[in-house]
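This report describes one protein chain and its local geometry. The sequence and the model are shown below for reference.

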Amino acid sequence: MNNTTQKQNKEYLIKEVWETAKDLQYKIQSEDDEEKQWLIQNSTNLVVTELIKEMTVLMLHVLDAIGRLEPVNGITISKQFRISRGSISKITRKLVEKEVIIMETLPDNKKEILFRTTPLGKEICKLHLDLHQQIDSEINRFLQQYTEDELGTTLKVLSDVLNTSWIYPATSEEKIKDSQEEVQTNEREELDTGKVSHSYSVAEERNEIMEMLNKLESLNLKKAKTILNEIFFSDYNE
């Protein structure tokens, strides 16, 4: 295969990867709707069912975060989703109106507002947890079909994406380069000093990657998916 053919093949693959990434955006959005439909179909409480129908996907995610972290303030929730505190304030206000969460203050700090779930909110959170336990099982089953090499390559690509800016690519490349140089420097220092405990073989690194993947929870995957969707797959007009 000559250089021209290799270049054409690579350009074709790059185009296919980008088109697949766009399709992934639509899949993520449709899965959000599927999650909501699953919650509605599997609710045995008509009041809860009607509440879920009235709530947006983001409202459900914020409610879930409150259920897992309660008592929790708006700043912590804002950091969880990387959206403005103003947006969190609007969402929590709506959740209070629907009586799925309540607000409370600390005895020694009336300015800090904390959120807790009500019995109705807890019921929705429990239903949401059941869904993600099912998703966890399916994710693990799905990933088992790939080899360690394939999973390692996928993990590397996703990690590079997280460290890359499409707007300031040079800066991102410098960060990745600096990070790689730092790792190489540390490894050289360990070899020079005889401390090789952190110098992993390729096989050990693959095993570590597999262990990390097997420990992933759907809630964390959902959060990562939301962040990736908002940062890398959203259309910006600014």
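## Aromatic pair

The structure holds one aromatic pair. Phe142 and Tyr146 make up this pair in an edge-to-face arrangement, with 5.6 Å from centre to centre and 65 degrees between the planes. Rings of Phe, Tyr and Trp (its six-membered ring) are taken as a pair if their centres lie within 6.5 Å; planes under 30 degrees apart count as stacked, over 60 as edge-to-face and the rest as tilted. Phe142 counts as partly exposed at 42% relative accessibility, and Tyr146 is likewise partly exposed, with a relative accessible area of 34%. In these terms, buried means under 20% relative accessible area, exposed over 50%, and partly exposed in between, for a 1.4 Å probe and protein chains only.

## Basis of the model

This is a predicted model, in which local features need pLDDT of at least 70 and side-chain atom pairs count only at pLDDT 80 or more, while totals for chains, interfaces and linings use all residues. Residues are numbered from 1 along each chain as its sequence is written, and side-chain values use heavy atoms, with hydrogens and water left out.

## Overall architecture

The protein chain contains ten helices and three strands. Helices (H or I, at least four residues) and strands (E, at least two) are DSSP runs, numbered from the N terminus. Along the sequence, these elements follow the pattern α-α-α-β-α-α-β-β-α-α-α-α-α.

Of the 238 residues of the protein chain, 28% count as buried. Among contacts between residues at least 6 apart in sequence, 64% join residues at least 24 apart; a contact means heavy atoms within 4.5 Å.

## The three-stranded sheet

The three strands form an open sheet in the order β1-β3-β2, with antiparallel pairing. β1 and β2 stand at the edges, each with a single partner strand, so one side of each has no neighbour in the sheet. Two strands pair if DSSP finds at least two bridges between them. β1 and β3 (residues 109-117) run antiparallel and are joined by two bridges; Val72 stands opposite Phe115 of β3.

The antiparallel pairing of β2 with β3 extends over six bridges. Glu104 stands opposite Leu114 in β3, and the bridge partner of Leu106 in β3 is Asn109. A hairpin through two residues joins β2 to β3. Helix α3 lies across β1, β2 and β3, running at about 105 degrees to β3. For this angle, axes are lines fitted to C-alpha atoms, for helices over the stretch in contact, and angles run from 0 to 180 degrees between N-to-C directions.

## Helix α6

Helix α6 (residues 119-143) has 25 residues, which should span 36 Å at 1.5 Å a residue; its end C-alpha atoms are 36 Å apart, in agreement with that value. The expected span of a helix is 1.5 Å times one less than its number of residues. The buried residues of α6 are Gly121, Ile124, Cys125, Leu127, His128, Leu131 and His132.

Where does Lys36 lie? Lys36 is placed in helix α1 (residues 3-41) and is buried, with a relative accessible area of 17%. A polar atom of the Lys36 side chain lies 3.2 Å from the backbone oxygen of Lys53. Leaving aside residues up to four places away in sequence, Lys36 touches Ile52, Lys53, Met55, Thr56 and Leu60.

Lys94 is located in helix α5 and counts as partly exposed at 45% relative accessibility. The C-alpha atoms of Lys94 and Met55 are separated by 9.0 Å, although these residues are 39 residues apart along the chain.

## Backbone features in loops

Most residues other than glycine have a negative phi, and most peptide bonds are trans. The peptide bond from Glu70 to Pro71, however, is cis, with omega near -5 degrees. Pro71 is in the loop between α3 (57-69) and β1 (72-73).

Glu99 has a positive phi, near 60 degrees, in a residue other than glycine. This residue, Glu99, lies in the loop between α5 (85-97) and β2 (101-106) and is exposed, with a relative accessible area of 57%.

Note on methods: Polar contact = N/O pair within 3.5 Å; in protein donor to acceptor, adjacent residues only side chain to side chain.
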